[in-house]
Amino acid sequence: MFYNLVPAELQNDFDALLNDLSYLPEQAKESCPFCHHIDFQKIRQKPLTFRCKCCHKYFNPLTKTPFNRLVPTIWLGLILTRRIEKVTLETLAYELNCTPEMVKRRERALIDYMQQHYPKFHQWYTQTRLHENNMLPTTIKQQYIDLSEIIDQLLIIEKFPCAYCQSSNTVRIGQRAGFRCRSCRKTFNILKDTPLNKIPHAELWKTFIELLVKNNTNKSIAQTLELSLNTVSKWRKVWCELMQNWGYEELAVWCNKKQ
Ligand SMILES: [Zn+2]
Ligand SMILES: [Zn+2]
């Protein structure tokens, strides 16, 4: 019934994702999520709980998944489909009788899960939400889209001229923007000497900026991303400075107005 909202080529991913969400909470793990030992016993049926015979830790089917402790689990599939239907976080919070932060935290977990298991669906979902921000003033929206594209480039670009010998025969290494030159064999990081090098968790950059653009307070961002208030205020400062430096002045002012 939601199929018309998801592109045809992503229907299988969407089905599989919804299926995961309904079965994950009941499905026994194949091994202990802590030590990966396969010998464990069921302790309780409700809620389903196991104990590892090797490391003696307790776990349930959601332990060490992005959905750990996000009960009731029935909300997950519901939040996913309602968000695809373009229902706002605030409306969903009202429907579920919870806070927008609780909805945001679950959506964050859904996005993490998509990224791990359904990368194509993840890309579509995050891009759709990006272009959906019709409430933003045109300049802000355009600058936000441009900035997001720069970040995508920084995170995925495969080749970058060597910082030492300018050779283009370089290869990406590691998670962040590190490269190794095949000509002079030196390694370099394209974010070195930029403030971005001080912000770990590159996987959170885009979500962080989205939350800034949507004028969330530091407190609300800290809750959604499970970061400390200090970290959030530091990251906000760094990002707003970068926006200024990269010529997105209006966006910098917009993202700095509500703390
Ligand atoms: Zn164990
Ligand atoms: Zn080189």
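I took helices (H or I, at least four residues) and strands (E, at least two) as DSSP runs, numbered from the N terminus. The model is predicted, so I kept local features only at pLDDT of at least 70 and side-chain atom pairs only at pLDDT 80 or more, while totals for chains, interfaces and linings use all residues. Residues count from 1 along each chain as its sequence is written, chains are lettered from A and ligands numbered from 1 in the order written, and side-chain values use heavy atoms without hydrogens and water.

**Entry 1**

I began with the loop between β5 and β6 (187-189), where Arg-185 lies. Its phi is near 65 degrees, positive in a residue other than glycine. For burial I used relative accessible area with a 1.4 Å probe and protein chains only: buried is under 20%, exposed over 50%, partly exposed in between. At 68%, Arg-185 is exposed.

Arg-69 also has a positive phi, about 65 degrees, and is not a glycine. I found Arg-69 in the loop between β3 and α2, exposed at a relative accessible area of 69%. I noted these because most residues other than glycine have a negative phi, and most peptide bonds are trans.

Next I looked up cis peptide bonds. One joins Val-71 and Pro-72, with omega about -5 degrees; Pro-72 sits in the loop between β3 (58-59) and α2 (74-84). Another joins Lys-46 and Pro-47, with omega about -10 degrees. Pro-47 belongs to the loop between β1 and β2.

**Entry 2: the hairpin**

I counted two strands as paired if DSSP finds at least two bridges between them. β1 and β2 run antiparallel and are joined by four bridges. They make a hairpin with four residues between them. Within this pairing, Gln-41 is opposite Arg-51 of β2.

**Entry 3: the zinc site**

Which protein atoms are donors of the zinc ion (ligand 1)? I took donors as N, O and S atoms within 2.8 Å of the metal (3.2 Å for Na, K and Ca); water is not among the atoms, so sites may look incomplete. The donors are the SG atoms of Cys-32, Cys-35, Cys-52 and Cys-55, at 2.2 to 2.3 Å from the ion. Along the chain, their spacing is C-x2-C-x16-C-x2-C. Cys-35 is in the loop between α1 (11-23) and β1 (40-44) and Cys-52 in strand β2 (residues 49-52), so this pair ties together parts 17 residues apart in sequence.

For geometry, four donors are tetrahedral if all angles lie between 85 and 135 degrees. The angles here are 103 to 121 degrees, so I logged the arrangement as tetrahedral.

**Entry 4: nonpolar cores**

I defined a nonpolar core as buried Ala, Val, Leu, Ile, Met, Phe, Trp, Tyr and Cys residues joined through side-chain atoms within 4.5 Å. The largest has 39 residues, and Trp-239, Met-243 and Leu-251 touch the most other members. Elements giving two or more residues to this core are α6 (138-156), β5 (178-181), α7 (205-213), α8 (218-225), α9 (229-245) and α10 (249-256). α9 gives the largest share, seven residues.

What does Leu-251 contact, leaving aside its neighbours within four places in sequence? With contact meaning heavy atoms within 4.5 Å, I listed Ile-140, Gln-143, Tyr-144, Leu-147, Val-213 and Met-243.

How values were computed: Tetrahedral: all angles 85-135°; square planar, octahedral: opposite > 155°, others 65-115°.
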